[in-house]
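Hi,

Here is the structure I promised to pass on.

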Amino acid sequence: MVAPLALIAALSGAWSLLNTSAIYINGTQVPDLGGSNVLGKKPAGYLIYHPTGFVSANMHATEPGSRPYYLQLEQWENTTDAEWALLGKHNLAYYAPYTLEEFSNGNEEHGQLKHGPLLSCTMPSLENTTLVRNFTIVNEGKLLRLRTWDSVNQAWGTLWWGKIETLLPKYV
Ligand SMILES: *[C@@H]1O[C@H](CO)[C@@H](O)[C@H](O)[C@H]1NC(C)=O
Ligand SMILES: *[C@@H]1O[C@H](CO)[C@@H](O)[C@H](O)[C@H]1NC(C)=O
Ligand SMILES: *[C@@H]1O[C@H](CO)[C@@H](O)[C@H](O)[C@H]1NC(C)=O
Ligand SMILES: *[C@@H]1O[C@H](CO)[C@@H](O)[C@H](O)[C@H]1NC(C)=O
Ligand SMILES: *[C@@H]1O[C@H](CO)[C@@H](O)[C@H](O)[C@H]1NC(C)=O
């Protein structure tokens, strides 16, 4: 059993989103939405856990059709609201305090993370809500798997993240 302090240390840092997948409660793979879902087929993002108890997540689709790269900040001229709306549909970012609970030995996951209440979110209806994710850290601390439950679609989601090497001299 890993002590919670060790889990906090293992989580702390920056994680890059590797892939996402989902299955319905009946075991069927959630069909590929052809990139039309929020994060598309090749999502990108960082998830940053800070040892002071905050988490920040920043994710978006990468398909050009979901993410008009030619739009310029605050330059609305000759652009349409539909083009800007794509950014709203294919981005998800938030920051929040987080707590973690360690599972007892025998559970296949290391513990449960609660991101929330969300202090800010690009999807305002998620503000003040708490996102619950079971987590497991594998591969000598280099990979993080988060499991989510989507009660609307009755589906389990899996997000894999890879640890980013520290850019600064190690102080811990
Ligand atoms: C996602 O990435 C993890 C870690 O690299 C890998 O084990 C897993 O097979 C990948 N899953 C999908 C659906 O690509
Ligand atoms: C599983 O559930 C999904 C969503 O309700 C449904 O679309 C699919 O057909 C189901 N699969 C089976 C094998 O029942
Ligand atoms: C918008 O289109 C008009 C007409 O083609 C052009 O004169 C103008 O320079 C364009 N503005 C921008 C900011 O691209
Ligand atoms: C979240 O809670 C704060 C403080 O209670 C409140 O001011 C804010 O309006 C709430 N935001 C939403 C989106 O409900
Ligand atoms: C998280 O783990 C708990 C305890 O094992 C379980 O009851 C719950 O269904 C899991 N949730 C997710 C999203 O995997």
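Let me start with the core. The largest nonpolar core has 21 residues, and the members that touch the most others are V55, A57, A96, Y98, F135, L144 and W161. By nonpolar core I mean a set of buried Ala, Val, Leu, Ile, Met, Phe, Trp, Tyr and Cys residues joined through C-beta atoms within 7 Å. Buried means that 20 or more other C-beta atoms lie within 10 Å of a residue's own; 12 or fewer makes it exposed, anything in between partly exposed, and the C-beta atoms are placed from the backbone. Two or more residues of this core come from each of β1 (13-24), β2 (44-50), β3 (54-60), β4 (91-102), β7 (131-138), β8 (143-150) and β9 (155-163). Helices (H or I, at least four residues) and strands (E, at least two) are DSSP runs, numbered from the N terminus.

Before I go on, some housekeeping: this is a predicted model, in which local features need pLDDT of at least 70 and side-chain atom pairs count only at pLDDT 80 or more, while totals for chains, interfaces and linings use all residues. Residues are numbered from 1 along each chain as its sequence is written, and chains are lettered from A and ligands numbered from 1 in the order in which they are written.

Now the overall picture. The chain has two helices and nine strands, in the order α-β-β-β-α-β-β-β-β-β-β from the N terminus on. Its radius of gyration is 17 Å, close to the 16 Å that the globule rule gives for 172 residues, so the chain is as compact as a globular protein of that length. (That radius is taken over C-alpha atoms, and the rule is 2.2 Å times the number of residues to the power 0.38.) Along the principal axes, the C-alpha atoms fill a box of roughly 60 × 45 × 30 Å. Buried residues are 19% of the 172. Of the contacts between residues at least 6 apart in sequence, 50% join residues at least 24 apart; a contact here means C-beta atoms, placed from the backbone, within 7 Å.

Which strands go together? I call two strands paired if DSSP finds at least two bridges between them. β1 is antiparallel to β9 over nine bridges, with L17 partnered by W161 in β9. β1 also runs antiparallel to β2, through four bridges, and there A14 has I48 as its bridge partner.

β4 has several partners:
- β3, antiparallel, with seven bridges; M59 is opposite L92 in β4.
- β5 (residues 111-115), antiparallel, with five bridges; E101 is opposite Q112 in β5.
- β6 (residues 120-121), antiparallel, with two bridges; Y95 has S120 as its bridge partner.

A57, one of the core residues named above, is in contact with G45, L47, A93 and Y94, once neighbours within four places in sequence are left aside.

On to ligand 5. The residues around it are N107, E109, Q112, N134, R147, T148 and W149, where "around" means a C-beta atom, placed from the backbone, within 6 Å of the ligand. β8 gives the largest share of this shell, three residues. By type, the shell has one nonpolar, four polar and two charged residues. For that count, Ala, Val, Leu, Ile, Met, Phe, Trp, Tyr, Cys and Pro are nonpolar, Asp, Glu, Lys and Arg are charged, and the others, Gly among them, are polar.

Take E109 from that shell. E109 sits in the loop between β4 and β5 and counts as partly exposed because it has 15 C-beta neighbours inside 10 Å. Leaving out neighbours within four places in sequence, E109 is in contact with F103, N134, F135, T136 and R147. The C-alpha atoms of E109 and S125 are separated by 29 Å, although the two are 16 residues apart along the chain.

Finally, some backbone spots to check. Most residues other than glycine have a negative phi, and most peptide bonds are trans.
- The peptide bond from G116 to P117 is cis, with omega near -5 degrees; P117 is in the loop between β5 and β6.
- N128, in the loop between β6 and β7, has a positive phi of about 75 degrees. N128 is exposed, with 12 other C-beta atoms within 10 Å.
- N139, in the loop between β7 and β8, has a positive phi near 55 degrees. N139 is also exposed, with 10 other C-beta atoms within 10 Å.

Cheers

Note on methods. Two residues are in contact if their C-beta atoms, placed from the backbone, lie within 7 Å.
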